[in-house]
Amino acid sequence: MISQFFVLSQRGDNIVFRDYRGEVPKGSAEIFFRKVKFWKEDGEEEAPPVFNVDGVNYFHVKVVGLLFVATTRVNVSPSLVLELLQRIARVIKDYLGVLNEDSLRKNFVLVYELLDEVIDFGYVQTTSTELLKSYVFNEPLVVDAARLQPLSPAAIFMQGTKRMPGTAVTKSVVANEPGGRKREEIFVDIIEKISVTFSSSGYILTSEIDGTIQMKSYLSGNPEIRLALNEDLSIGRGDYRSSFGSGSVILDDCNFHESVRLDNFDLDRTLTLVPPDGEFPVMNYRMTQEFKPPFRINTLIEEAGALKAEVILKVSAEFPSSITANTIIVQMPLPKYTTRVNFELEPGALGQTTDFKEANRRLEWGLKKIVGGSEHTLRAKLTFSQELHGNITKEAGPVSMTFTIPMYNASRLQVKYLQIAKKSSTYNPYRWVRYVTQANSYVARI
Amino acid sequence: MAPPAQTNRSPSPSQPSGKSEVTDLKSQLRQLAGSRLPGVDDSKRELFKKVISYMTIGIDVSSVFGEMVMCSATSDIVLKKMCYLYVGNYAKVNPDLALLTINFLQRDCKDEDPMIRGLALRSLGSLNVANLVEYLVGPLNAGLKDNNSYVRIVAVIGVLKLYHISVTTCIDADFPAVLKHLLLNDQDAQVVANCLLALQEIWNGEASTSEEALKEREALLSKPLIYYLLNRIKEFSEWAQCLVLDLAVKYVPADSNEIFDIMNLLEDRLQHANGAVVLATAKVFLHMTLSMTDVHQQVYERIKAPLLTLVSSGSPEQSYAVLSHLHLLVMRAPYVFSSDYKHFYCQYNEPSYVKKLKLEMLTAVANESSTYEIVTELCEYAANVDIPIARESIRAVGKIALQQYDVNAIVDRLLQFLEMEKDYVLVKDLLRKYPQWSHDCIAVVGNISSQNVQEPKAKAALIWMLGEYSQDMSDAPYILESLTENWDEEHSAEVRLHLLTAVMKCFFKRPPETQKALGVALAAGLADFHQDVHDRALFYYRLLQHNVTVAERVVNPPKQAVSVFADTQSSEIKDRIFDEFNSLSVVYQKPSYMFTDKEHRGPFEFSDELGNLAIRTESDVPVHVVEANDKDLLLGTSEKEESRGSGTNGSAYTAPLYDTSLLSTATQVQPELPISNPAAAGLSPQSSLAIDDLLGLGLPAPPAPSPAPSPPSLKLNAGAVLDPGTFQQKWRQLPICLSEAYLTVSPTGLVLIFVMDRSLLQELSVSPQGAAALTTPQALLRHMQGHSIQCIASGGQSPNLKFFFFAQKAEESSIFLIECKINTSSAKTQITIKADDQSMSQAFSTLFQSALSRFGTS
């Protein structure tokens with residue numbers, strides 16, 4: 001049971017504010033914002049998603065830079081409230097097509113309408129985009145998606161959140177296309193976030209894939225859908241045991257959306273569901289089975305005199321040349337006495353940027369794209385203001401990397417086919433099945 | 001960045017400053033109110049939007065209330081909704097104007113469109129104006145019977161709103177009965193869910209004053225209802241499923257078959273993508289199997305994978321909530337997770353609140369086979385650019401070292417950190433545990449310049465080492481001297497306290513060299529504005545004045561290696577947090593009474609809550625107690641005869657002597673007690689106990705003709721009264737328990753002594769018969785009442801029972817508070833005693849133990 005719900009902009013302005021029970025004093029949004037902003041004086045620590053100030057519990061999730069907040073005095077389930085906040089954000093996105101400060105401000109009346117139905121007197125009533133459709137009357141004012149700064153996955157990661165940009169689809173579930181008729185289509189995205197830690201000798205210490213099969217359906221009449229996965233897929237408890245090369249895909253564990261029926265899952269690895277409107281995860285899965293990492297990172301550090309050193313970073317793409325990774329960023333913390341860095345890119349380098357962030361002593365190397373099979377090198381000459389204490393490797397590193405690789409999935413989990421129950425012989429909606437792999441925590445120690 | 005308060009109120013181009021704009025709106029609204037021109041709804045929409053956007057950013061637009069109501073005569077549903085939203089927000093501050101809205105809301109409640117009916121009913125309930133409740137009853141009654149489920153859903157919540165505006169109106173209109181009917185009969189799952197939550201809130205609110213409400217609340221836990229809901233669980237929305245699962249946690253299954261049935265039924269809920277559903281299910285599994293050790297272990301294994309999946313699939317915020325629960329489980333049963341340690345490795349981009357949890361989990365799961373790898377991983381974090389995390393990582397390594405495994409290698413690595421000027425605290429702790437390394441460490445510590453150490457904890461630790469090992473560090477007195485000379489620049493009181501003690505210690509070892517520093521330190525300490533520093537300086541000063549040898553014994557006693565460092569949390573608190581699984585208590589790592597007030601503990605907090613047990617004593621304590629005692633007297637004898645008949649052996653009587661000074665007729669009874677012959681024990685002890693009951697309880701306060709001169713003469717007031725609120729307050733005020741107190745002790749041990757007197761934590765055994773007889777808490781409650789010890793709350797599930805008792809010293813107001821945890825299968829009991837009058841706590845402890853040890857044998 002929650003008492004209030006509100007959305008704050010990055011500057012702390014109320015965009016929507018709804019009080020359901022009147023149990024929490026009015027100034028709560030200000031108290032909350034100040035607390036989050038100044039969590040620790042040194043700014044080194046982020047406020048946790050749940051905290052208590054004077055008996056009031058504040059929950060928040062960050063979505064595209066906005067703060068979705070709930071308050072309550074009751075000792076509720078934190079998971080429930082945080083799930084709810086995330087879900088509210090998703091429902092709003094379903095309606096508005098694009099979720100950002102601009103679209104939210106333009107459509108705040110619609111958001112109020114949604115909030116009225118989602119929560120009554122602090123209790124969740126429904127978060128189903130589908131059910132809500134019959135109770136919501138405002139037409140969304142669509143924000144021009146093209147004018148928006150693209151929220152590339154890399155940009156999202158830099159805000160320190162793991163949330164996926166979801167599908168590229170930015171149209172509302174309720175708004176009609178210009179031209180009247182709605183296009184019959186369904187999107188299935190297999191999104192994998194991979195985490196790999198390499199030891200200083202290049203050996204893989206840990207690796208994990210966190211995947212989601214995300215669906216967004218614009219099909220009318222709610223037809224039933226069958227989704228077939230790899231037949232050799234197995235689900236068991238992996239204790240980081242190696243099973244590379246056996247050919248089959250072994251998931252450690254997975255969970256499913258409410259609408260999914262698993263009647264045939266054990267038999268032929270098919271999922272049946274009637275997809276509700278809006279975007280939702282059909283299945284989340286986790287895999288610690290060994291896989292071939294898409295990138296190898298080599299770091300070489302040479303000390304050149306007492307106050308100088310050279311860092312050579314080499315990134316090699318170990319995936320087929322038909323595939324291209326984009327928005328790659330390689331980062332490396334440098335010793336704190338570093339005062340200057342001179343970069344040297346390989347001859348003929350295109351679309352590459354280098355930067356030395358003095359504030360947090362960090363080297364940043366950006367590459368627009370990397371084609372499979374290729375290799376790129378960066379040389380950085382460091383100058384220190386003081387002699388280092390000892391080993392430079394103890395004061396620098398590790399090297400971390402973020403990237404997005406479309407049409408590539410590390411787990412080899414596949415959607416073999418997507419069957420839509422036919423309404424008529426001419427009914428043939430568009431089906432989009434897309435794969436994307438992103439770095440979650442991709443780290444090479446030095 | 002300016003604080004939001006200013007941003008909101010300062011006149012900025014995009015945001016109106018208030019007054020003039022509102023007046024403007026008012027006149028525009030007035031113009032539109034009567035208009036019937038085409039397109040007027042569109043203009044109204046624009047104006048309404050403006051009003052609501054002002055409302056959102058905190059500008060008071062209550063002055064346009066009248067105009068808004070006038071404009072609300074429309075068929076445009078979007079306009080209606082905005083108007084309802086506005087009215088709901090301002091009705092409370094404008095009760096008179098709110099009356100204006102009743103008319104159109106009531107009319108809309110009868111609209112033919114169910115959507116309008118529902119909306120109007122919801123808004124009617126949200127008016128929250130006490131003198132308008134009469135207008136609410138009719139529409140609610142109709143709404144509950146509406147044939148559209150949307151309207152019923154809204155109406156059920158409406159009843160709850162009414163309850164909060166006016167309890168009597170809600171109860172008098174018999175709404176709870178209607179909800180009860182709907183709960184069992186409505187076809188719509190959301191109506192059922194809303195009935196459940198509304199009834200829970202209503203009965204919870206009423207339970208403290210009404211016997212009937214209490215029964216109704218119990219009835220929600222009846223087997224048929226629980227099964228009815230659980231069998232339909234998939235029809236409910238994921239949120240309502242959580243509600244049902246929370247209810248199921250409170251249900252006590254009759255036997256293990258039932259437990260397995262329920263678990264099988266809920267098994268697939270663990271595969272749900274919603275973390276709240278999974279955690280609620282996990283709670284059911286964990287709590288139902290508490291008494292089945294093997295199955296409980298299997299539950300841990302079963303829920304592990306789904307929880308790990310949730311941690312890695314959601315947003316960082318969602319992960320954090322689940323990870324906090326995993327953290328709790330890991331801390332309770334580290335061995336279950338010993339092979340999963342890689343899941344708790346930190347990722348470089350995780351927020352620090354996640355990393356901190358993971359570091360603690362890594363520390364907990366480290367065992368012989370994984371220590372090496374874990375320590376290696378932790379050492380990587382130590383080089384992290386994130387300084388607080390680097391520090392925590394090193395401490396984690398230190399903690400693992402303290403845990404026992406492969407210490408040599410770890411100490412080596414820690415010493416490297418020391419050279420890198422990273423951390424000192426854990427070296428101190430290490431030295432306290434493994435004094436044999438002092439020489440290695442000291443060589444390093446000697447080289448550290450105290451100027452470079454800034455963090456107070458680290459500095460304090462460094463100073464501790466200087467004091468403790470001053471005989472081995474040639475410079476120690478001089479370093480300390482220079483530190484004392486800069487006394488005023490040291491901002492941390494903790495550091496100053498340590499400095500005082502270190503100088504003292506150094507003085508005893510190397511008097512001539514330290515004398516000057518000691519003089520400076522004591523003078524500075526006496527002039528210190530910080531109370532503790534001042535007091536300690538004064539204490540040292542007087543101690544030295546009194547007798548230097550005694551002072552040395554106090555300040556610098558020979559140290560024993562510390563074998564186990566006290567945990568930061570007592571097991572009582574940990575158990576309480578586990579009881580509150582899937583709540584904020586887990587995230588905050590505090591039981592709910594520490595951060596919420598009583599009425600907000602949770603929508604459905606039952607028996608194990610101290611506060612909610614008020615019903616036992618709140619109303620009419622003395623009468624109640626006497627009644628119970630009368631009953632006890634009657635029942636007592638017959639029960640006693642039975643147990644006697646079944647051949648109790650006399651060994652129980654060898655338990656500590658019952659403090660007979662309790663009895664006014666002590667001399668008569670005393671000789672009976674030591675009898676250890678079962679045959680001879682046949683009659684007399686039994687009759688004497690009957691007298692005991694009679695005398696101890698029948699009289700409000702024992703007349704007490706001077707009792708036998710037994711050493712701790714402590715008499716208890718048989719009719720002691722204490723309300724739960726006071727109990728709770730006292731329990732919190734007095735130090736919680738020994739183990740926690742220990743951590744706060746400074747190396748001098750001064751505080752410790754103090755705490756030990758006030759709170760005694762002990763373990764003792766109940767007699768096996770006693771444990772066996774403890775099938776219901778009531779038996780023990782009656783027994784203890786027979787010894788003038790009253791129970792204020794009890795809870796837990798067999799075999800782990802928990803009781804809170806209190807007793808009052810006869811003819812004095814001094815109160816004793818007791819927490820008593822009994823494990824009936826192992827017959828082990830742990831008691832914590834807190835007392836107003838600390839000098840009597842030992843005597844009371846003896847009394848309590850002897851009373852307890854006689855349970856089941858009499």
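Domains, helices and chain contacts in a predicted model

The centres of domain 1 of chain B and domain 4 of chain B, taken over C-alpha atoms, are separated by 19 Å. This is a predicted model, in which local features need pLDDT of at least 70 and side-chain atom pairs count only at pLDDT 80 or more, while totals for chains, interfaces and linings use all residues. Residues are numbered from 1 along each chain as its sequence is written, and chains are lettered from A in the order in which they are written.

Q: What makes residues 223-313 of chain B a domain?
A: The domain assignment of chain B gives 223-313 as domain 1 and 571-609 as domain 4, and such bounds come from an automatic or database domain assignment.

Q: What makes up the contact of domain 1 of chain B with domain 4 of chain B?
A: Two residues are in contact if their C-beta atoms, placed from the backbone, lie within 7 Å, and here the contact takes 7 residues from domain 1 of chain B and 4 residues from domain 4 of chain B. On the side of domain 1 of chain B that touches domain 4 of chain B, H17(B) gives the most, with 4 residues.

Q: Why is H16(B) called roughly antiparallel to H17(B)?
A: Helices are DSSP runs of H or I with at least four residues, strands are runs of E with at least two, and both are numbered from the N terminus. The axes of H16 (residues 256-266) of chain B and H17 (residues 275-288) of chain B come within 11 Å and cross at roughly 165°; axes are lines fitted to C-alpha atoms, for helices over the stretch in contact, and angles run from 0 to 180 degrees between N-to-C directions. Angles over 145 degrees count as roughly antiparallel, under 35 as roughly parallel, 65 to 115 as roughly perpendicular and the rest as oblique, so H16(B) is roughly antiparallel to H17(B).

Q: Which residues of H16(B) and H17(B) meet?
A: Ile259(B), Ile262(B), Met263(B) and Leu266(B) in H16(B) meet Thr281(B), Val284(B), Phe285(B) and Met288(B) in H17(B). By class, this contact of H16(B) with H17(B) has 7 nonpolar, 1 polar and no charged residues, where Ala, Val, Leu, Ile, Met, Phe, Trp, Tyr, Cys and Pro count as nonpolar, Asp, Glu, Lys and Arg as charged, and the others, Gly among them, as polar.

Q: How many residues of chain A are in contact with chain B?
A: 79 residues of chain A are in contact with 83 residues of chain B, and the chain A side divides into 28 nonpolar, 26 polar and 25 charged residues.
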